[in-house]
Number of protein chains: 4
Amino acid sequence: MKANVKAREAGGEKRPRGRPRSERAKAAILSAARELLAELGPSGVTIEGVAARAGVGKPTIYRWWPDRYAVVMAALMESESPPQAPAHRARSALKSLRVQLRRMAAVFATGTGRAIAAMLAAAEQETEISRAFRNHFVLARREEGRALLREAIAAREIRADIDVDVALDMIYGPLFFRLLLGHAPIDERFMERVLDHALHGLRYG
Amino acid sequence: MKANVKAREAGGEKRPRGRPRSERAKAAILSAARELLAELGPSGVTIEGVAARAGVGKPTIYRWWPDRYAVVMAALMESESPPQAPAHRARSALKSLRVQLRRMAAVFATGTGRAIAAMLAAAEQETEISRAFRNHFVLARREEGRALLREAIAAREIRADIDVDVALDMIYGPLFFRLLLGHAPIDERFMERVLDHALHGLRYG
Amino acid sequence: MKANVKAREAGGEKRPRGRPRSERAKAAILSAARELLAELGPSGVTIEGVAARAGVGKPTIYRWWPDRYAVVMAALMESESPPQAPAHRARSALKSLRVQLRRMAAVFATGTGRAIAAMLAAAEQETEISRAFRNHFVLARREEGRALLREAIAAREIRADIDVDVALDMIYGPLFFRLLLGHAPIDERFMERVLDHALHGLRYG
Amino acid sequence: MKANVKAREAGGEKRPRGRPRSERAKAAILSAARELLAELGPSGVTIEGVAARAGVGKPTIYRWWPDRYAVVMAALMESESPPQAPAHRARSALKSLRVQLRRMAAVFATGTGRAIAAMLAAAEQETEISRAFRNHFVLARREEGRALLREAIAAREIRADIDVDVALDMIYGPLFFRLLLGHAPIDERFMERVLDHALHGLRYG
DNA sequence: GGATAATCGAGACGGTACGTCGCGTCTTCAT
DNA sequence: ATGAAGACGCGACGTACCGTCTCGATTATCC
């Protein structure tokens, strides 16, 4: 234990008073939640199950998250890396958008996709974490898309008189539509075609 | 008794042996479920609550629906009339589509909308009722849309080389995207603009 | 059918009006109850189980017996023949008593014995059938015993100043005591020894 | 903290890890069970009823007792004090036995008596608690009786060649016989007469 | 022979209670 | 002052049977 003491002195961090552990437990909890999510789906992630698998007391979980939804969301957010922020800056804005959409399709085509959709729909009240979750998985990328559309407008690749919010929902909406309804598969090709159709329009032109 | 036999054969209906199910109970159950759904949201619709309010035994509910999701779905399907089949045959196919989209927006803008989205996402397995539900609320109208798009193609109002499935998801997807994410309101104007943007495309043209 | 009519007129009984009760159904019910009793014990004899196994509707059972206890008791009473009325009239009354006790031991040593005890104890209210049941299995034989004791008194085989009721409970009681407590086996030898000890007393004499 | 450790080692008690069980809840459960038993009889003691009256969750009951029979037995065992161990050491063993029998008669003459008999008969399988129950109410006293009979033999008050087990069942059996059959009342006088008849025998002597 | 009527099978009904699962909180001991 | 362990009150789950009722079909008697 001498080493421990020395390390602490060396690090110089100030410990509150008597609490030695915490990050280890947090990691174990999220890890257990991720496993259960993969094995049993969103409804199979119970606090009791997570606590048992993580070797942790239930109150420890509640010390970090307010309820089981928050735990599942946190686990999903940890497990699924977002499409690395600047997302492969391509030559043109539309090209970058195309890359981003392909990446999203790849993520949402997995079982994780349905879990995310379920959590999005299940979030009954507007909480901190549900907002963060929506932002993490969807709205942040939609904002990336907004920036790219603006660039494309500036580059005169797309028209200036469009309603950007409508355009964004038209591009990202189909992904979640298929996720929710399951009437057709989600793949990279699909997202590309969505973008193409959105750009060219359905009319003769 | 020959007449009786003949009538049954003719009608083709097959009377089962025992006491027939009580339509009164069925109506009371769905009615109670609808009320609870409106008052407490999807998660507030418990079998116990429905049974108590409907003045019905729990086993009677389980005799007809496999679980609470099925009851909620059935209640929603009973309460919400779909946009009357042929949906106001307008002069042109696109006009008819526009009318249908406005109607859907009106339905999904209500609290019922979120409930439908929640049920769509919560349905963990592919059951008879979940399929019926998706079909009732969404896919049937998407198929209406498909017919209208085909008409529009025949009438040379839109291009013949489009991928109709992609086009449909691009038109109906944004509605569910907003429903799920809640980042912007759903109203008739929104759906109209979606259709407009889909038709004209984002490019210069 | 002439014979039938004549017999009825002779007997003078009045046929109610409608379809007569099916003796076949009654027999099937008791048979099914007996089987379930043997397989699952008294608590395993449910009305639903009996109805299903007998190929009979539940109301048919309730037309004959008021509740499931009555059915079990009836099944037991049908299955277990009482120790043939006069029970082997031996040379002396005490010898006859000894024979009767041996026979009772044989009956109660089987699984049926515990079932009878359970039904005796479970009968919460004083009904027609529970009285009949107690009488059939126990009290009738106790009355036989009373007659035999009286004979033995007359024959000066036992004392005249005893309390016959006390004596009878002292002879038949031990059987049910072991049945209920299960602390020792029930067999013919045991009942014989009970009778011997009752006759000779525990004192020196 | 050395003292603490030492004390525990000395006492030998082993504190389990978690929150200790609530004695308050245990007492409330048994108390509620006792009340319901008195008001409604053995079949009126339902787990739901006990939980509601005790202000306790059902799972708390199931944590400590395997089923409703065990709860009733525990309640009976708590409520009814056994006839204080050494049971009034009288001058002679037979006198002590007589006192014990009178006390038992007093206990079993009450409504509690029938409840005990019902539980004895209902216990379908041989469990820890059913064994404890039988021992508590009956077999322990039968063993007391055995000791007293042995004393009486040593004191030459009764014969040495008797089968003590048979004699015991002959003395205690009649009590349960009347309890089960209800053909005659149970009172102190009855038990005394049983003992008298057992001692003197039915023969002339 | 046709009407009448009771019983039959089947099985749904409103109920009660079961025993279980998971929730989120609380309490204890050990660190 | 945390952390694991785990009991607590609670609410809902889905199931088993209860005893009753409502059907169409069947089987008898009565007119």
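Reader: What is the area buried between chain C and chain D?

Author: About 4700 Å². Carbon and sulfur atoms give 63% of that area. Keep in mind that this is a predicted model.

Reader: How many residues of chain C are in contact with chain D?

Author: 46 residues of chain C, with 46 residues of chain D.

Reader: Why is the pair D163(C) and R193(D) called a salt bridge?

Author: The cut-off is 4 Å between a side-chain nitrogen of Lys or Arg and a carboxyl oxygen of Asp or Glu. In D163(C) and R193(D) the closest N and O atoms are 3.0 Å apart. That is within 4 Å, so the pair is a salt bridge. The count between chain C and chain D is 4 salt bridges. The rule for polar contacts finds 23 residue pairs across this interface.

Reader: Which element gives the most to the side of chain C that touches chain D?

Author: α9(C), with 14 residues. By class, that side of chain C has 26 nonpolar, 7 polar and 13 charged residues.

Reader: Now look inside chain C. Why are α2(C) and α5(C) called roughly perpendicular?

Author: Their angle is about 90°. The range for roughly perpendicular is 65 to 115 degrees. The angle falls in that range, so α2(C) is roughly perpendicular to α5(C). The axes are 9 Å apart.

Reader: Which residues of α2(C) make the contact?

Author: I29(C), L30(C), A33(C), R34(C) and L37(C). On the side of α5(C), the residues include V71(C), V72(C) and L76(C). The contact has 9 nonpolar, 1 polar and 2 charged residues.

Methods. Residues are numbered from 1 along each chain as its sequence is written. Chains are lettered from A and ligands numbered from 1 in the order in which they are written. This is a predicted model: local features need pLDDT of at least 70, side-chain atom pairs count only at pLDDT 80 or more; totals for chains, interfaces and linings use all residues. Side-chain values use heavy atoms; hydrogens and water are left out. Axes are lines fitted to C-alpha atoms, for helices over the stretch in contact, and angles run from 0 to 180 degrees between N-to-C directions. Helices (H or I, at least four residues) and strands (E, at least two) are DSSP runs, numbered from the N terminus. Angles under 35 degrees count as roughly parallel, over 145 as roughly antiparallel, 65 to 115 as roughly perpendicular and the rest as oblique. Contact means heavy atoms within 4.5 Å. Ala, Val, Leu, Ile, Met, Phe, Trp, Tyr, Cys and Pro count as nonpolar, Asp, Glu, Lys and Arg as charged, and the others, Gly among them, as polar. Buried area is the accessible area (1.4 Å probe) that two parts lose on being put together, summed over both. A polar contact is a pair of N or O atoms within 3.5 Å; within protein, one must be able to donate a hydrogen and the other to accept it, and residues adjacent in sequence count only if both atoms are side-chain atoms.
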